[in-house]
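Here is a short briefing on one model. Look at the structure first, then read the notes by topic.

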Amino acid sequence: MKHTSRRMQFPLVLILTGLVLATFGPSWAMQPPLSAGTLNADLSALVGSRDAVMVAAPDGTVLADIHADQLCVPASILKVLTSLAALHYLGSDYRYPTEFYMDKNNDLKIKGYGDPLLVSERIQPVARQLARRVSAVRDLILDATYFKTPIVIPGRGESLEPYDAPNGALCVNFNTVAFERRDGRWVSGEPQTPLLPSVLPKVQASGLTSGRITLAGDSREAIVYAGELLCHFLAEAGMSVEGRILQGRVDLQHDTLLWRHQSPDQLSDIIANLLEFSNNFIANQLMLTMGAQAYGPPATVEKGLKALWSYYHQELGITDGHIAEASGISRDNRISARIMIQLLDRFQPHHQLMRHNGRHWYKTGHLKGIRTQAGYLVGNAGQLYRYVVMVNTPGKTTRPILRVIERALP
């Protein structure tokens, strides 16, 4: 028998497939479009009275809306709103400045503007640049007056956990330090950062043998830590700091601007870090910065919240809900699933700043008894479905709800 060539087999397969589809219908070959209400029925047994779910198709069609207008505790998915507001007030290419001045007494003054990513990896090259300009200084004077202290973030506790790290205009390493006990000695938990002698008492008092704790229980402690770390890298770069570490302020009339450093991280990079690691410190640094941008320095919590509320009400046209701070750590935050879908719609051009896993671009939120997730599910043709799951029932998780949603969406 003469064999049919591969070129001839291909149209034959198409013809046979068409005949089967015509006879039996397409249900076995492709998933039919999901209709509004179908998903509600599948999810109804999983969503409690205190929970909320909403799913929207790429064209905006609502596919599920269980308790979608109920105000829930959002936890860290609130950071989507914070990111949007920061982009609005600051712009995606905004870079945080840090200024360096010399005064008539040969003191080096450093003025901070709230850079949330002023970490060891960024400080070391800054110190090298300064050492090329100046070989020795007397005192190191740190100016953190761009943020008004004390800064009281609603919901922030006084624990040593990093999520409780306080905010400030001149902070390093998120106001935290990593450490471990090795061969009977306390050492740094990260190679790029020294374990400074001044922090050892608090490390020892923590009762931990390794981990990361916040050291900045007050503004003075934050300034000392930032100053000592800067001194370490300045000395490493060859600059001598002969005097003390002091808290003060720049005199713009008499001090000489030595260098205005621009952060290598633009706002879009900072937001990617915020959403990837759910960093509460970064979220509230952004809130304070946008408040100062909108209403003038010094930055205050009141100005930051005013900026957030103004964006929420005037730019987005949303009237429901309550915003207590920017990170989601406060249980006084309240938002509905329908509002979150609206935020996701606005954030969609920036969705690739979110964490990515499989078909999901997403942000999660965790508080005791609270589990939330909001994001985008990628369809077969690359289209984005928007979804919000807010579980406010203690003991329950988002996982079974998300599995149903993922199975249902083509």
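Which residues does Val 388 touch, not counting residues up to four places away in sequence? They are Ala 52, Val 53, Met 54, Ile 77, Ala 337, Met 340, Ile 341, Leu 344, Gln 373 and Ala 374; contact means heavy atoms within 4.5 Å.

This is a predicted model: local features need pLDDT of at least 70, side-chain atom pairs count only at pLDDT 80 or more, and totals for chains, interfaces and linings use all residues. Residues are numbered from 1 along each chain as its sequence is written, and side-chain values use heavy atoms, with hydrogens and water left out.

**Nonpolar cores**
- The largest nonpolar core has 100 residues. A nonpolar core is a set of buried Ala, Val, Leu, Ile, Met, Phe, Trp, Tyr and Cys residues joined through side-chain atoms within 4.5 Å.
- Leu 81, Leu 108, Leu 286, Leu 308, Leu 343, Phe 347 and Val 388 touch the most other members.
- Another core, of 21 residues, lies apart from it; Leu 39 and Val 404 are among them.

**Gln 342**
- Gln 342 sits in helix H10 (residues 337-347); helices are DSSP runs of H or I, at least four residues, numbered from the N terminus.
- Gln 342 counts as partly exposed because its relative accessibility is 34%. Buried means under 20% relative accessible area, exposed over 50%, partly exposed in between (1.4 Å probe, protein chains only).
- Leaving aside neighbours within four places in sequence, Gln 342 is in contact with Leu 316 and Ile 318.
- A polar atom of the Gln 342 side chain lies 2.8 Å from the backbone oxygen of Leu 316.

**Helix H4**
- In H4 (residues 120-133), Ser 120, Ile 123, Val 126, Ala 127, Leu 130 and Ala 131 are buried.

How values were computed
Helix = DSSP H or I, 4+ residues; strand = E, 2+ residues; numbered from the N terminus. Polar contact = N/O pair within 3.5 Å; in protein donor to acceptor, adjacent residues only side chain to side chain. Expected span 1.5 Å × (residues − 1).
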